[in-house]
Amino acid sequence: MRAGGDESQKNLEAILTRSLSFGLHHLETARHYGSSEIQLGLALIKIKDSKRILQTKIPPKLDAKEFECDLELSYQNLGYQKLDLLSIHGINTYEHLQNTLRPQGCLDVVRKWQKEGKIGHVGFSSHGSTELITDAIESNYFDYVNLHWYFINQ
């Protein structure tokens, strides 16, 4: 049986196929969204799209080696050699931002993978304060920000 069950997998594949007919090419998942990376990886084998933009999100860790292990697992789950977009998932506190930006932190791992051609752009997502989000943006280390609609439409 596939991750999430056969019916769930068939539903995902139907949604992906239908979304392509509307010109939707951006797929976003996250390392900790249950079985979504695994299910998406299985579906991407079947449903090809030359315009696909693939994004996943991985939370920051104090230990950059642990972050890199999570990154490797995401690649394995998705079955992809390169991510177009990688978000540091949940820079919700200044500690998360520090773990990401400090020397030998998570962003150093990302930059290494970018040099190897495995990652395109790097961004972050957040449920943090406006001040934290602004500070993260103003650090100039990120290419984009992934904010939830409820944050913008308060």
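**Strands and helices of the predicted model**

Strand E1 (residues 26-28), helix H2 (residues 36-46) and strand E2 form a right-handed β-α-β unit; right-handed means that, with the strands pointing away from the viewer, the path from the first strand over the helix to the second runs clockwise. Helices (H or I, at least four residues) and strands (E, at least two) are DSSP runs, numbered from the N terminus. The model is predicted, so local features need pLDDT of at least 70 and side-chain atom pairs pLDDT 80 or more, while totals for chains, interfaces and linings use all residues. Residues are numbered from 1 along each chain as its sequence is written, and side-chain values use heavy atoms, without hydrogens and water.

E1 and E2 pair (DSSP finds at least two bridges between paired strands) in the parallel sense over three bridges, and Glu-28 has Gln-55 of E2 as its bridge partner. A right-handed β-α-β unit is made by E2, helix H3 (residues 64-78) and E3. Of the six residues of E2 (residues 53-58), five are buried, that is, under 20% relative accessible area with a 1.4 Å probe and protein chains only.

Now to helix H1 (residues 6-21). Its buried residues are Gln-9, Leu-12, Glu-13, Leu-16 and Ser-19. They lie on the same side of H1 because they cover an arc of only 130° around the axis, taken from the directions from the helix axis to the C-beta atoms. On the other side, Glu-7, Lys-10, Arg-18 and Ser-21 are exposed (over 50%). After H1 comes Gly-23, with a positive phi near 80°.

Key: Expected span 1.5 Å × (residues − 1).
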